[in-house]
Amino acid sequence: MATSVINRLRSSSTTKSLSSVLHGIRSYAKVATGTDILSAASNVSLQKARTWDEGVESKFSTTPVNDIFKDKKVVIFGLPGAYTGVCSSKHVPPYKHNIDKFKAKGVDSVICVAINDPYTVNAWAEKIQAKDAIEFYGDFDGSFHKSLELTTDLSAGLLGIRSERWSAYVVDGKVKALNVEESPSDVKVSGAETILGQI
């Protein structure tokens, strides 16, 4: 469904600017191979996926980026949103199914992040039965993605400002490999197999 929406949007003459955004972000993104995420997103925190009650119990605690990446080997991938078609059916499942291969390569954690609240991300992660393998985080206000210039405007598809579809291998905060899709409806370079081959 998401693919057909994006394709429909692209065919409209009124959405040429959306198409430009979808295809132009890679050359303008702040993050690149060699980027230190701990510096680029120094004051940013993410929100671990959880229920509302768990959020209340934790006093709505957040997780600083430093705690996620420092002294760790992390595979992280971002996607436009929880419950969207391509994200649910094509992007997340291969990461889940390959979790043992990531661990065998010394990866400490595989993380999925989306510009959603952590409660929605949690419900979605449970629905697609991936929470036991992958750590899920919300970027509720988009501050993490904005700090790395990995956002795209999908308002024409009623999604608003969302994450690009991307993946990265990060060691002690340094980006060792980065893959950003030309279109958020594609999973051509940001999938599990690609990043596995880059570790």
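Is Asp36 buried, exposed or partly exposed at 22% relative accessibility? Asp36 counts as partly exposed, a class lying between buried (under 20% relative accessible area) and exposed (over 50%), computed with a 1.4 Å probe on protein chains only.

The structure is a predicted model, in which local features need pLDDT of at least 70 and side-chain atom pairs count only at pLDDT 80 or more, while totals for chains, interfaces and linings use all residues. Residues are numbered from 1 along each chain as its sequence is written, and side-chain values use heavy atoms, with hydrogens and water left out.

**View 1. Salt bridge between Asp36 and Lys174.** The side chains of this pair meet at 3.8 Å, N to O; a salt bridge is a side-chain nitrogen of Lys or Arg within 4 Å of a carboxyl oxygen of Asp or Glu. Because Asp36 lies in the loop between helix 2 (16-28) and helix 3 (37-40) and Lys174 belongs to strand 9 (residues 174-180), the pair ties together parts that are 138 residues apart in sequence. Helices (H or I, at least four residues) and strands (E, at least two) are DSSP runs, numbered from the N terminus. Lys174 is partly exposed, at a relative accessible area of 33%. In total, the structure holds 3 salt bridges.

**View 2. Salt bridge between Glu135 and Lys48.** The closest N and O atoms of the two residues are 3.7 Å apart. This pair links distant parts of the chain, with Glu135 in strand 5 (residues 135-138) and Lys48 in strand 1 (residues 45-48), 87 residues apart. Glu135 is partly exposed at 28% relative accessibility, and Lys48 is partly exposed at 37%.

View 3. Tyr137 counts as buried, at 5% relative accessibility. Contacts (heavy atoms within 4.5 Å) of Tyr137, not counting residues up to four places away in sequence, include Leu46, Lys48, Ile68, Ile111, Val113 and Val121. The C-alpha atoms of Tyr137 and Asn116, 21 residues apart along the chain, are separated by 8.6 Å.

**View 4. Salt bridge between Asp186 and Lys188.** Here the closest N and O atoms are 3.8 Å apart. Asp186 is partly exposed at 22% relative accessibility, whereas Lys188 is exposed at 64%.

**View 5. Residues 1-28, where pLDDT stays under 50.** pLDDT is the predictor's confidence in each residue, from 0 to 100. For residues 1-28, the model has 40 contacts beyond four places in sequence. The protein chain averages a pLDDT of 83, and 84% of the residues score at least 70.
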